[in-house]
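Have a look at the chain below before reading on. We'll walk through it piece by piece.

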Amino acid sequence: MRPTFVLSLCVFLSAISFGQNKKEILADIKSKYSLIRELVDNNSLRQYHTNYTCEESQEKGSLTFYYNSRELKHIIHQYIQGYVSYQNEYYIWDDQLFFEFSTHKIKYQDYEKNKDRRIQKVAVVLTLEERFYFHNLQPVKCQFKDFETRSNRTKNPKTNYVRNQTTDCGEANRIIEKYNVLLEYQHSNIDDACGLPRSISKIISDNVIYSNLGKNR
């Protein structure tokens, strides 16, 4: 058997094995996520909650840790600044982050002609979402989506019906860094609220925001 054929076969079999292993990992992540969500929704976990205000930017937020006995399972970081709201969620198993979900919503006003060809003001909410799946702190899948709702529409998109886009996992280290910073506030008050890590990547969100605004001009 020729060496080149053997090498190609090994690469092919390795790719199949990785694909199967990735499916198992993602299935395990989904199972753990569902269990934690059920515990959170049923108010079965012990909570440590704190509110904060950043005077510099007039930003208000809250940080909540969820524990099963002494084991940390979930973190929610919410904050609002003007017309922008954020929510970062972290899911933990055996002291390791395995899933991160962030939502970033921007409210603004737009103007459109109605059926009578008169200009009307329209309230718009642009939603950005990101999802990072981890195994042993290594990203196995990263996704992003964006959609907008408009007050003059009878039917608006809902997140469950908007397809996720698979993206590069280059921002995975940023997610882990944010998570590690928040861990420090489990049992203490927030002294420097203005220094807490923020939501979706500024580069990603700015690009999407400007492209959406451009569509409506």
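What follows is a short tour, from the whole chain down to single residues.

First, some ground rules: this is a predicted model, where local features need pLDDT of at least 70 and side-chain atom pairs count only at pLDDT 80 or more, while totals for chains, interfaces and linings use all residues. Residues are numbered from 1 along each chain as its sequence is written, and side-chain values use heavy atoms, with hydrogens and water left out.

**The whole chain**

You'll find 3 helices and 8 strands here. Helices (H or I, at least four residues) and strands (E, at least two) are DSSP runs, numbered from the N terminus. Going along the sequence, the pattern reads α-β-β-β-β-β-β-β-β-α-α. The chain has 217 residues, and 38% of them count as buried. Buried means under 20% relative accessible area, exposed means over 50%, and partly exposed is in between (1.4 Å probe, protein chains only).

**Helix α2**

Helix α2 covers residues 172-183, and its 12 residues should span 16 Å at 1.5 Å a residue, which agrees with the 17 Å between its end C-alpha atoms. That expected span is 1.5 Å times one less than the number of residues. Which residues of α2 are buried? They are A172, R174, I175, I176, K178, Y179 and L182. Their cover includes β2 (59-68), β3, β4, β5 (96-113), β6 (119-135) and β7 (138-150).

**The disulfide**

There is 1 disulfide in the structure, counted when a pair of cysteine sulfur atoms lies within 2.5 Å. C142 and C169 are the partners, at 2.0 Å from S to S. This pair ties together distant parts of the chain, 27 residues apart: C142 sits in strand β7, and C169 in the loop between β8 (165-166) and α2. The link is right-handed, with 120 degrees about the S-S bond.

**A loop tyrosine**

Y83 lies in the loop between β3 (71-81) and β4 (84-93). Leaving out residues up to four places away in sequence, Y83 touches K105, I106 and K107, where contact means heavy atoms within 4.5 Å. Y83 and Y108 are 25 residues apart in sequence but 7.2 Å apart in space, C-alpha to C-alpha.

| Residue | Relative accessibility | Class |
|---|---|---|
| C142 | 1% | buried |
| C169 | 24% | partly exposed |
| Y83 | 65% | exposed |
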